[in-house]
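Dear colleague,

Please find below the structure that I am handing over to you. My notes on the findings follow directly after it.

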Amino acid sequence: GHHVLFVGPPGSGKSMLAKRLPGILPPMTENETLETSRIHSILGLLPSDSPLLKTRPFRSPHHTVSDAGLIGGGTNPGPGEISLAHNGVLFLDELPEYDRGALEALRQPLEDGFVSVVRISAQPIESGTVTISRASGSYTFPSRFMLIAAMNPCPCGHLGDRLHVCRCRQMQIQNYRAKISGPLLDRIDLHVELAALTDDELLSKNCSESSRTIRERVIAARKIQTARFGRSPKLTCNAQMESAHILKFCRLDVTTETILRHAIHEFGLSARAYDRILRVSRTIADLAGSEELKREHIFEAIGYRALDRRN
């Protein structure tokens with residue numbers, strides 16, 4: 001359930017990893033199936049052979065998508081891509097290429113899982129040279145999705161690449177990264193840096209873990225979380241924890257608290273980044289079958305704040 005940003009050169013596997021992600025997610029619950037199917041039915045997107053969606057949605061809009069297409073709304077308000085990805089995955093490839101306004105509009109849905117859109121009157125009021133559209137109603141759509149975003153490390157994509165030379169100027173790199181605002185970056189739990197594969201890695205015949213094996217581990221961790229939040233039906237995973245839950249379920253001992261305190265000071269982490277680290281640490285511990293948050297869980301979660309370390 002945690003939001004992820006992949007940063008790496010072309011060909012490092014960012015899109016491939018995003019497309020494989022649904023294969024390791026747990027099956028939808030009955031309530032999730034009904035919620036998701038209801039949204040898709042509004043736009044007639046349900047499968048012709050089934051009244052319900054059977055798998056978690058995976059939405060991958062192009063970076064030219066309009067604000068209304070991504071967020072929702074329009075003259076006849078309907079759900080956008082973020083609502084069609086409810087209970088599933090929203091993949092935004094080449095993140096800096098999306099409209100800045102649309103990206104900033106993602107901030108609130110990423111935080112609370114809902115988006116409000118306004119219906120605009122079909123008959124605008126003319127006032128001098130300015131056209132004012134009258135709002136005639138607002139609608140709220142659920143949009144609790146898992147954001148998977150991908151971007152290059154620089155405009156040409158080769159910064160840090162062992163095989164290619166980056167020719168971008170420092171100002172170009174800064175302007176490129178500045179397209180992703182700090183508040184939006186704060187809301188992304190994991191910043192994962194990928195490197196281009198070497199010849200040996202490409203030609204290796206060694207098999208890594210299958211999606212099925214990883215999925216079993218994810219399902220086991222999700223069962224732990226279901227038991228943990230049994231009295232809070234609106235919570236389905238650690239990524240949705242609020243401050244009260246973090247205080248209760250992410251208790252730190254003296255050692256782990258010292259580690260986290262040093263990271264906050266060293267990297268200038270925000271309060272929101274602090275909460276994200278604790279949520280991710282809790283998930284890492286669940287995947288490892290550990291009831292307590294240990295130093296290795298905290299270290300790993302801090303390691304996923306790569307872009308915070310650069311700023």
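**Strand pairing around β5**

Phe58 stands opposite Val89 in strand β5. This is a predicted model, in which local features need pLDDT of at least 70 and side-chain atom pairs count only at pLDDT 80 or more, while totals for chains, interfaces and linings use all residues. Residues are numbered from 1 along each chain as its sequence is written, and side-chain values use heavy atoms, with hydrogens and water left out.

Strand β2 (residues 58-59) and β5 run parallel and are joined by two bridges. Strands here are DSSP runs of E with at least two residues, helices are runs of H or I with at least four, and both are numbered from the N terminus; two strands pair if DSSP finds at least two bridges between them. β5 also pairs with strand β10 (residues 146-151), again in the parallel sense, over four bridges. Within that pairing, Val89 has Met146 as its bridge partner, and Leu92 stands opposite Ala149. On its own account, β10 is joined to strand β1 (residues 4-7) by four bridges, also in parallel, and there Phe6 is partnered with Ala150.

**Burial of the strands**

In a regular strand, side chains alternate between the two faces of the sheet. In β5 (residues 89-92), Val89 and Phe91 on one side and Leu90 and Leu92 on the other are all buried. Buried means under 20% relative accessible area, exposed over 50%, and partly exposed in between (1.4 Å probe, protein chains only). β10 is likewise covered on both faces, with Met146, Ile148 and Ala150 on one side and Leu147, Ala149 and Met151 on the other. Six of the six residues of β10 are buried, so this strand is largely enclosed by the rest of the structure.

**Nonpolar cores**

A nonpolar core is a set of buried Ala, Val, Leu, Ile, Met, Phe, Trp, Tyr and Cys residues joined through side-chain atoms within 4.5 Å. The largest one has 34 residues, of which Phe6, Ile148 and Ile302 touch the most other members. Elements that each supply at least two residues of this core include β1, β5, β10 and α14 (295-303). Helix α13 gives the most to this core, with six residues. A second, separate core of 26 residues includes Tyr98, Val115, Leu147 and Met151.

**Helix α13 and Arg276**

In α13 (residues 271-287), 13 of the 17 residues are buried, so the helix is largely enclosed by the rest of the structure. Its end C-alpha atoms are 25 Å apart, which agrees with the 24 Å that its 17 residues should span at 1.5 Å a residue, the expected span being 1.5 Å times one less than the number of residues. Arg276 lies in this helix and counts as buried because its relative accessibility is 3%. Not counting residues up to four places away in sequence, Arg276 touches His3, Glu111, Asp186, Arg187, Asp189 and Arg305, where contact means heavy atoms within 4.5 Å. Just after α13, Gly289 takes a positive phi of about 75°.

**The chain as a whole**

The chain has 15 helices and 11 strands, and buried residues make up 43% of its 311 residues. Of the contacts with a separation of 6 or more, 72% come from residues 24 or more positions apart. Along its principal axes, the C-alpha trace spans about 60 × 55 × 45 Å.

Kind regards
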